[in-house]
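Dear colleague,

Please find below the structure that I am handing over to you. My findings follow directly after it.

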Amino acid sequence: MQQEQRRVDLHGLTLVAGVGAWSAGIFIDSFILLPSFVLPLLAAILLTFSILCWHEHQSRLVFCLLLCLLLGAWRYNSVSLTDDPQALSPSMGVSVMVRGTVSEEPKLYGNNHLLFVSDCSISRDKGTSWQDAHGQLTVQAPGTEIEDPYGANYGSVVELQGKLLPPLSHSAPNVLANMFFPRIRVTATVGNPLLATLYSWRVTLSTIIEQVLPEPAAAFLVAVLLGLRTPALHVLATAFSVTGTVHLIVSSGFKVTLLAGLIANSTKWLSSNKINAGKLLPAQKRGGWRRWLSTILIMVSIIIYAILNGAGAAALRSGVMGELLVVAPRIGRTYNIYTALAFTALLMSLNDPFVFWDVGFQLSFLGTLGIVLLTPFFQRLLLPIEHLPLGHIFTENLSVTLAAQIATLPILALDFHLVSLVAPLTNLLTVPLLGMLIMLGVLICVTGLLFPPFALLIGWVALPLLNYITFIVQWCASWQYAAISTTIPDATAWIYYALLALLLSTMLHKWPVATFGGHTTKQQPIPGLSKPIWKLIQLGIALLVIISTGITILDSQAASTNLTVTFLNVTSKGQPAGEAILVHTPDGKTLLIDGGMDASSLAQELDSRLPSWQRSLDAVFLTTPGQDHITGLLDIIQRYAIGEIIDGGVLHPGTTYARWRRTISERNIYYLMATQGTNINIGRFVSLQVLWPAYPLHKGSNEVRDNGLILRIVTPGLRLLLLGAGAQSTYALSKLLDSIETPSLQAEVVQMIEETGMPFPGSLDDVLQRANPSLLLMTPAALSKRQKTGIASTLLSQKRVWQNIPTLRTALVGTLQISCNQRTWSVNTV
């Protein structure tokens with residue numbers, strides 16, 4: 001019986017051995033590049049011997065394995081760029097011009113894009129002559145947009161000008177150089193139109209999630225469902241690495257399996273035939289157009305999902321194995337995880353031998369293999385716990401976590417320099433909720449496309465779940481010994497896997513068949529509860545969350561009686577990054593003035609001060625189209641439903657302002673170009689007066705600053721004069737004094753922007769004398785570290801007549817909030 005079981009287990013493993021030899025050939029040739037003419041000659045000789053020894057099983061197997069080894073080496077040799085005279089490497093350190101095509105979807109890292117450019121040609125004489133250059137090039141470029149309509153995206157033909165630098169660490173062997181912030185010009189668009197469309201859909205779905213949920217919960221769900229890292233995820237990325245839960249925010253086979261299960265359940269009616277099910281033969285159960293239609297729907301969904309996950313190595317590995325899992329029963333074959341892994345590795349390395357150097361592929365492949373091989377042994381060790389209440393769930397999740405971590409430990413140490421000590425606990429508390437999270441994410445995307453208000457209701461249900469997982473991850477990451485920082489040489493990783501293979505073979509010899517109590521039973525989610533009752537409980541919890549959120553909305557609207565003006569502390573890497581002002585009126589209106597230059601920081605500041613259910617703003621004001629005002633707003637007007645947008649217009653718009661107006665048009669938002677004399681009522685209690693600019697706009701050397709909006713907010717008990725960037729403009733201030741009467745300038749609080757090395761004009765004294773403020777607020781432009789610490793303050797270094805006015809600077813004290821109850825006002829740090 002035991003021998004029969006072993007024969008069953010080894011069935012089909014010939015392919016595994018062949019792919020192992022193929023992979024070994026690729027690795028050997030990467031270290032010892034063999035002559036290209038020798039490999040096909042040796043392969044032909046081995047093929048001849050294999051045919052001659054076809055009837056001798058052992059000899060045939062040996063020759064076939066050696067043949068696979070040589071073929072793998074030959075495949076690597078065919079694409080190797082070592083000693084290639086036309087490679088990019090000889091131009092290292094030289095300023096050149098490069099033409100090429102963006103071959104992958106750009107990756108977001110903080111505030112930068114990482115582009116992968118292939119099919120390159122290079123010019124060393126400023127574009128006079130060009131020659132082909134082999135190898136892939138990575139390009140680091142500024143930008144926080146997932147898809148930039150005016151920048152480089154997948155399929156863009158780009159012309160780069162800059163210096164070639166050594167490739168980034170842990171790059172694949174075919175990546176020969178890197179360019180850091182070169183000049184980029186997009187000349188055309190090519191590429192696969194189907195991939196481009198799916199990548200565009202990926203951006204659309206991520207935008208829907210961001211419109212429904214606050215940050216960073218939205219960024220987390222986007223990463224879970226789509227494998228896309230938005231800038232707002234940056235605050236959580238380190239915590240996921242420290243706790244060993246990175247697999248939650250990257251592509252994985254587990255997610256593909258969950259998706260296939262969701263599609264299979266939703267298409268079950270196509271293959272259901274309960275009346276005649278017992279009378280059908282096995283071949284009849286496999287056939288039938290309805291069953292094949294269900295299978296095709298699942299397969300297409302897996303393909304689309306793999307592409308929506310970025311079509312990276314890990315996503316493709318998961319997709320191919322998911323396809324095999326679905327197809328095998330339909331053609332009457334038993335799904336073998338080892339054969340599926342081997343076949344997937346063969347397909348991907350045939351297309352691109354460098355895939356073995358992709359960190360995502362390594363983690364995905366080794367993690368899956370480790371779960372399959374090691375989980376049974378950990379379950380055997382934890383068998384006594386399985387008899388306790390919920391013991392089955394506990395042992396299964398803990399065993400899977402330990403197996404995956406042991407299998408990927410050297411890769412994590414090599415590439416991330418971290419070994420998590422809290423991974424078992426963190427995964428135990430979070431992974432069981434992943435299936436529900438993916439289901440809710442899919443529902444949010446589908447309903448967001450068809451009926452957005454219903455997507456908000458689903459978002460209310462998903463938000464507590466997202467907050468719980470992010471809290472657990474951050475809580476575990478905050479422990480003193482949550483992870484160990486380490487650096488190991490490559491040789492240590494090879495020794496580790498050799499010892500692990502030896503230990504595993506010993507355990508397999510001792511326990512050839514893993515048994516867990518001799519039988520398996522389907523566990524109830526909670527003992528004593530039937531499946532229908534458990535579903536009713538889940539539905540009741542969801543309804544309770546929706547009702548409680550609705551009550552909270554009504555209470556918060558009824559309780560709002562004060563005007564609050566919050567000067568948000570928008571930062572980038574700890575440094576001030578422009579201004580943003582959030583206004584709440586007594587009757588529940590909300591408006592945002594400017595957005596700073598860091599979209600992620602603004603999103604966190606704004607979402608932390610708005611109720612989780614509020615995904616709309618009544619008005620958005622852009623006072624000037626400078627980067628430290630408009631960048632954050634570009635993200636906000638895509639994530640929130642905006643009532644109206646007001647700015648002062650621009651005489652000569654740049655690409656950023658053009659994108660601003662294009663987004664307004666695409667989202668069909670009401671737009672108003674405000675000029676001097678415009679009065680805007682925000683609710684019943686607040687009036688916003690536009691004091692500048694006048695029409696027509698001024699033409700000059702600094703049109704952006706000279707034509708910036710100067711606003712005055714008036715409400716019972718408080719007047720605020722927002723000079724903004726106009727405080728630096730001699731032209732705007734002098735014209736303001738000429739055209740506006742003193743009563744219309746008076747204000748209890750005056751806000752203005754200070755900028756490094758930019759002195760305030762003398763006419764500012766006259767404006768402040770007329771305004772006669774009780775408080776002066778200084779908000780930063782995109783300031784340097786020196787000004788943040790107050791060493792070279794423009795304000796304090798000058799002898800001005802208004803120097804005795806009490807002054808607060810958000811660059812030093814952080815976020816400030818002014819509150820007014822229609823009689824008195826106060827200012828506090830928040």
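How many residues does the largest nonpolar core have, and which of them have the most contacts inside it? In this predicted model, the largest nonpolar core comprises 41 residues. Those with the most contacts inside it are Ile209, Leu213, Phe220, Phe240, Leu437, Ile444 and Leu466. Two or more residues of this core come from each of α5 (193-212), α6 (217-226), α7 (234-242), α17 (434-450) and α18 (452-477). The element that gives the most is α6, with 10 residues.

Leaving aside residues up to four places away in sequence, Phe240 touches Phe220, Thr245, Val246, Leu248, Ile249 and Val473. Another core, of 28 residues, lies apart from the largest one; its members include Leu591, Val686, Ile713 and Leu816.

I turn next to strand β15. Five of the seven residues of β15 (residues 641-647) are buried, so this strand is largely enclosed by the rest of the structure. With strand β14 (residues 616-622), β15 pairs in the parallel sense over six bridges, and Ala619 has Glu644 in β15 as its bridge partner. Between β14 and β15 the chain passes through helix α22 (residues 627-639), in a right-handed β-α-β crossover.

β15 also pairs in the parallel sense with strand β16 (residues 670-673), over four bridges. Here Glu644 stands opposite Tyr670 in β16. The chain crosses from β15 to β16 through helix α23 (residues 655-666), and this β-α-β crossover is likewise right-handed.

Yours sincerely

Terms used:
Residues numbered from 1 in each chain as written. Predicted model: local features only at pLDDT ≥ 70, side-chain atom pairs only at ≥ 80, totals over all residues. Heavy atoms only, no water. Core = buried A, V, L, I, M, F, W, Y, C linked by side-chain atoms within 4.5 Å. Buried < 20%, exposed > 50% of the residue type's maximum accessible area, 1.4 Å probe, protein only. Contact = heavy atoms within 4.5 Å. Pairing = 2+ DSSP bridges. Right-handed = clockwise from strand over helix to strand, strands pointing away.
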